[in-house]
Every structure is written in C-alpha cells, then in structure tokens.
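Me: Could you walk me through this model, feature by feature? I'd like the general idea each time, then the case at hand.

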Amino acid sequence: MQVADLMQTPGRVFLKSEGAPVADSWPCVAFTRRDACARLRDTFRTGHDVLLLVGTTDPAVTPERAHRSRLLSAVTIETAHILDTETLVAAQVWASVRHGRTRRLGYALRVLDTAHMAGPPFPAARDILPLAYTALGRYANRGGIVEALGPERDAALQLGITPVRLAHTGPSPAPSPARGGRAGRALADTPLPQDIARMAARIAERVRRSGAEKQGRHPGRAAPEGAEMRGVLERLWQDQEGRCALCGGPLQSGTENPMLQASPDRIDSADTSYGADNLHITHLACNLAKNRYGETEFRAWLRVVAHRKDRMR
C-alpha cells in the first residue's frame, strides 16, 4: 500500500512535525497556536489530501532516536471541529507533554485514517522531501504545516505504508467547551474599536513599565507598536471566533463588567514577547485567575463550574 491509496481523488500533500507516530494514546494532530490549527482545518480536504507527520529533532519532543527527522505516519483528518487535545489523548501522555509549559499543543484535529511508514528504518524526511522539510524548520512555519510540491509530492505519494486501525470509532466528539469550534462561529462577537484600543494600550503600558524598571517585578517585554498591534489583536479575535481562549465563553464587546472585558494574555509566560504567536485573548477574570493560581487549578475550577451549569439546565 502507498500513501496515494489514502486519497479518494488526487490531492495535496502536507507536512507537519510530531513527537511520535499516531497511536491510540495520541489519535490526533495537535498545535500550540489555534491559528495554525485553523489553517490546516480550513485548507485540508478530507478524502483528497494527506498529511505526513515527521519526527522533530528535539529529544525532549521526540525521545525515540529512530523517529527524529523521519517520516512517521500518513493520515487523513476530520476538519469539522477544532478540539481540546486533552480530551483526545491518554492522560499520562498529556501530563508529560504539558510538563513545564503553558497551553502547549492545546488545539487538535482528530485523525480519521492513519498508516505508519514502512520501516524501520523510517524514510528520512530530508532525503524524500528536502525542500518541504527545510521549509518546515523555518521560523515562520514552526508549529504549523507546509506543502510538498511537484516532484516531492509525487515521491511522497509513492512511499510504502502499513494501515493502522485506531481504537476510536464512531462520531467525532463535540467541540470542547474550553475552546469551541467552527460551530461557535455564529456566536462570535465583533470587537468594537475601543476593545482593541484598550487592549493595545494595556500591552503598550506593560512594555513601557518593563523598560522603565530594570529590576523588580516587570521583566523586559516586547510587542508590535500602534496599528500593527491593533491588527494583531483584531486577527486574534477573529481566529478565536469571538471566544475566550481559556474558558471558551463569548468575548463581550463594549461590556462595562470588568470581569468580562477582553484581556491580552501571553500563552507562554516565560516568553516576554507579545507577538501574535505568543498571544491570545481572554476574559480579564480568566486571565487573572490563571496567572494567580496556575492553569492546573484554573482548569479544575472550570470543570466544577461546567458541571454545576449542566446540573442547573
């Protein structure tokens, strides 16, 4: 069997880095940034396209030496919903991935058909797809996908594979309430100019304070300026489909309730940048609670609140 056999009609071939071959313990493809996940969701045509997974070069991410820089799996994916990775993967695997990082790989698309590459040894990505593999390592593409084109696409389609049947069957789970999905788009709110201006001003003030205080509580920070920062925030609002990135509830345009005001939050607090790849929008109350008590405690509280809400319906 070849990669081409996963296609009902000829389509495109995409490449994405992963820590290991797809398995029952990880039956999805996951992303740290929601916009990267949304790009694959909106681009991939189920039944026509194939996604190839390649092991990273990082031993912490890809512990098996035989998997590093190798083509590991060929998959098709379900694009109906962006899901919460934690709801799909084995608990012990998720705990190991999350160790020491905030919201890493939190957005996922469920795998439909999967096959492992013939091996070991698995094909070296650099030998089969040199241009696509090099592009995948560029900073602009990290954590995202690239497309194999021309002769590289043709070579990928001829690779030998072994089909794998995963344990999950039946309909896809509904979108996670923590992040929503395409179905939530109808509920998305359009940000008012004052919402964007207020968040941009808050970021500018944080950056200013970090530059003024060389020591103390405010580490050095950086962010786009002016109209560029406002553009970043507007795009994030749309990418998140008008929902809080932490609780999944709708963001409220123009609200006077300070707890519900939209708040810019760095995804990785250890990264001092307010760039688009390290920023999402949350309710102010969610942002403060997560930063004050930690994300583990915050998520536990969310589960209690969600359970209480379900019982009250």
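**Reading the model**

Reply: Let's start in a loop: Pro120 lies between β6 (107–117) and α3 (125–128), with helices (H or I, at least four residues) and strands (E, at least two) taken as DSSP runs numbered from the N terminus. The model is predicted, so local features need pLDDT of at least 70 and side-chain atom pairs pLDDT 80 or more, while totals for chains, interfaces and linings use all residues. Residues are numbered from 1 along each chain as its sequence is written, and side-chain values use heavy atoms, leaving out hydrogens and water.

Me: Which peptide bond into Pro120 do we have, cis or trans?
Reply: The bond from Gly119 to Pro120 is cis, with omega near 0°. The bond from Pro120 to Pro121 is cis too, with omega near -5°, and Pro121 sits in the loop between β6 and α3.

Me: What is the mean pLDDT of the chain?
Reply: pLDDT is the predictor's confidence in each residue, from 0 to 100. Where it is low, the predicted coordinates should not be read in detail. Here the chain mean is 81, and 84% of residues reach 70 or more. Residues 173–188 fall below 50, yet that stretch has 48 contacts beyond near neighbours in sequence (contact means heavy atoms within 4.5 Å).

Me: Is Asn287 buried or exposed?
Reply: Buried means under 20% relative accessible area, exposed over 50%, partly exposed in between (1.4 Å probe, protein chains only). Asn287 has 3% relative accessibility, so it counts as buried. Asn287 belongs to helix α8 (residues 284–293). Leaving aside residues up to four places away in sequence, Asn287 touches Leu246, Ser263, Pro264, Asp265 and Thr282.

Me: How do β9 and β10 pair?
Reply: Two strands pair if DSSP finds at least two bridges between them. Strand β9 (residues 262–266) runs antiparallel to β10 over 5 bridges, and Ser263 has Thr282 in β10 as its bridge partner. Strand β10 (residues 279–283) has 5 of its 5 residues buried, so the rest of the structure largely encloses it.
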